[in-house]
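Here are a few notes to read with the model open beside you. Take them one at a time and find each spot as you go.

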Amino acid sequence: MNRYSNFFKNTFKNSYGLDNLSKYLLLVGVLFLLNRNIITLVVGIILIGYAAWRVISKNKYKRNQELQSFNRVLIIIGQKFYRIKYKFNEFRKYKVFKCPECSQKLRVPRKKGKVTINCKKCGKQFKAKT
Ligand SMILES: [Zn+2]
């Protein structure tokens, strides 16, 4: 029993430990395991194995670099998601019309009934239903 606990002490001593990346890997790995499909099962086991390996790894510098790149990817995904959300909100609030004269795209607030639109580019006026 003592030898067993010593083994764990030596394994975890100086090891990198659990970080955000490993937590995500574990979470995604478990989600993959829940799916009853041989491919996702294998991927899930690989992800969990990789997370476990990162936790006991002694190369802290390398693991920290991995974490940094992971955080960068998270930020990029967050920005993309924000942009999509922003575009969706714009679409809900505004309707886009094309000027019949010069094809300039004009953004008009929705649900204003029939309005007269003044083209910003050529000055052409036209009626449209918002
Ligand atoms: Zn125009």
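1. Helices here are DSSP runs (H or I, at least four residues), and strands are E runs of at least two, numbered from the N terminus.

2. A quick word on the source: this is a predicted model, where local features need pLDDT of at least 70 and side-chain atom pairs count only at pLDDT 80 or more, while totals for chains, interfaces and linings use all residues. Residues are numbered from 1 along each chain as its sequence is written, and side-chain values use heavy atoms, with hydrogens and water left out.

3. Back to α2: L21, S22, L25 and G29 are buried (under 20% relative accessible area; exposed is over 50%, partly exposed in between, with a 1.4 Å probe and protein chains only). The buried residues of α2 fall within an arc of 90° seen down the axis, so they line one face of the helix. That arc is taken from the directions from the helix axis to the C-beta atoms. On the other side of α2, L27, L31 and L34 are exposed.

4. Now the zinc ion: C99, C102, C119 and C122 coordinate it through their SG atoms at 2.3 Å. Along the chain, these donors (N, O or S atoms within 2.8 Å of the metal, 3.2 Å for Na, K and Ca; water is not among the atoms, so sites may look incomplete) follow the spacing C-x2-C-x16-C-x2-C.

5. C99 is buried at 3% relative accessible area, whereas C102 is partly exposed at 26%.
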